[in-house]
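Open your viewer and come along for a short walk.

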Amino acid sequence: MSVEDLTAEQIMTRVLVTVTAEESPLMAWELMRRADVHHLPVVDDACHVLGILTREDVAATWCGGGPDEHSRRQVRSLLGRRRLPKVGPGQTLSRITCVMLDVGCDAVPVVSTAGRLLGLITVSDVLKAVSGRAVRDEERGERGRTRERGEVRTGLFHLNPVLPPD
């Protein structure tokens, strides 16, 4: 199998930290910082992708206000109107890179046919695949467990802040 024939399912990041559109940019920034990620998928209650929030999105809208002001805003206001390309788990690396180049984005969500978030492919994932450093499940044996063909396992983490009472 050539590099171009690798699929989204084989190279995507499966364990993701996500936020809802109602979350604050301050919380999103803290999640990105703690998880050491540059992209946060923004999802609704059914795990449908509404957008991808980047560190640059948050930093570009940071104004002189303090934490209180930034905790009152919502991530929704940072998503803008840019196109959000999505790919399916069977899409090839060649097709995924074309989508990323055509839209000018550095992260693409991988979604099921029902539109649910399965994973995320970033430029780093593409570089790992091209360099041969992407570890495919079949090569590592999924830690000795068998998988059914076509099954995609992911982990999504929704964090809800606990705020002190007013």
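Start with everything shown: the protein has 7 helices and 6 strands, where helices (H or I, at least four residues) and strands (E, at least two) are DSSP runs, numbered from the N terminus. Along the sequence these follow the pattern α-β-α-β-β-α-α-α-β-β-α-α-β.

Two notes before you click. This is a predicted model, in which local features need pLDDT of at least 70 and side-chain atom pairs count only at pLDDT 80 or more, while totals for chains, interfaces and linings use all residues. Residues are numbered from 1 along each chain as its sequence is written, and side-chain values use heavy atoms, with hydrogens and water left out.

Colour by burial next. Of the 166 residues in the protein, 37% are buried; buried means under 20% relative accessible area, exposed over 50% and partly exposed in between (1.4 Å probe, protein chains only).

**First stop: strand β2**

Select residues 39-43, which are strand β2. Why is β2 largely enclosed by the rest of the structure? It is because 5 of its 5 residues are buried. In a regular strand the side chains alternate between the two faces of the sheet. Here both faces are covered, with His39, Pro41 and Val43 buried on one side and Leu40 and Val42 buried on the other.

Look for threonine 20, opposite valine 43 of β2. Bring in helix α2 (residues 25-35) as well: β1, α2 and β2 make a right-handed β-α-β unit, meaning that, with the strands pointing away from you, the path from the first strand over the helix to the second runs clockwise.

Then select strand β3 (residues 49-54), which runs antiparallel to β2 and is joined to it by 5 bridges. Valine 42 stands opposite glycine 51 in β3. β2 and β3 form a hairpin with 5 residues between them, and in the turn cysteine 47 has a positive phi of about 65 degrees.

**Last stop: helices α5 and α6**

Select residues 93-103 (α5) and 123-131 (α6). Show the side chains of Leu93, Thr97 and Met100 in α5, which meet Val123, Val126, Ala129 and Val130 in α6; contact means heavy atoms within 4.5 Å.

Terms used:
Two strands pair if DSSP finds at least two bridges between them. Axes are lines fitted to C-alpha atoms, for helices over the stretch in contact, and angles run from 0 to 180 degrees between N-to-C directions.
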